[in-house]
Amino acid sequence: MTNVVELKVGLHCDECIKKILKAVKKIQDIETYNVDIELNKVIVTGNVTTEEVIKVIQKSGKTATTWEGDQTNS
């Protein structure tokens, strides 16, 4: 099943963006991924859950939250 996961992530510099993209593209079963620098948003589509994407981003050293404002710390 294809899901669209949109997360709020601090995208402060090119290094931050590179770290996040490198981590996200390793997730299995993703179809597309993108970052919106202006909105500090990471968008991932594919057979993934919000929790999976948050964990991967957190492992890269960044904080990710859902757009509903929920802070997910697993």
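Lysine 41 is found in strand E3, which covers residues 41-46. Helices (H or I, at least four residues) and strands (E, at least two) are DSSP runs, numbered from the N terminus. The model is predicted; local features need pLDDT of at least 70, side-chain atom pairs count only at pLDDT 80 or more, and totals for chains, interfaces and linings use all residues. Residues are numbered from 1 along each chain as its sequence is written, and side-chain values use heavy atoms, with hydrogens and water left out.

Lysine 41 counts as buried because its relative accessibility is 16%. Buried denotes under 20% relative accessible area, exposed over 50%, and partly exposed the range in between (1.4 Å probe, protein chains only). The C-alpha atoms of lysine 41 and lysine 8 are separated by 4.8 Å. Along the chain, these two residues are 33 residues apart. With neighbours within four places in sequence left aside, lysine 41 is in contact (heavy atoms within 4.5 Å) with Glu6, Leu7, Leu11, Asn34, Val35, Asp36 and Trp67.

Strand E3 pairs with strand E2 (residues 30-36) in the antiparallel sense. Six bridges join E2 and E3; pairing requires at least two DSSP bridges between two strands. Asparagine 34 stands opposite isoleucine 43 in E3. Four residues lie between the strands of the E2 and E3 hairpin. In this hairpin, asparagine 40 takes a positive phi near 55°.

Threonine 66 lies in strand E4, residues 64-66. Its relative accessible area is 10%, so threonine 66 is buried. Beyond its neighbours within four places in sequence, threonine 66 is in contact with Glu6, Leu7, Thr50 and Ile54.

The protein has two helices and four strands. Read along the sequence, they follow the pattern β-α-β-β-α-β. Buried residues make up 36% of the 74 residues. Among contacts between residues at least 6 apart in sequence, 57% join residues at least 24 apart.

The radius of gyration, taken over C-alpha atoms, is 11 Å. This agrees with a compact globule of 74 residues, which would have a value near 11 Å. The globule rule is 2.2 Å times the number of residues to the power 0.38. Along its principal axes, the C-alpha trace spans about 35 × 25 × 20 Å.

The accessible surface comes to about 4,800 Å² (Shrake-Rupley method, 1.4 Å probe). Carbon and sulfur atoms account for 46% of that surface. There are 10 positive and 11 negative side chains. Lys and Arg count as positive and Asp and Glu as negative; His and the chain ends are not counted. The centres of the two sets lie 10 Å apart, with charges placed at NZ of Lys, CZ of Arg, CG of Asp or CD of Glu.
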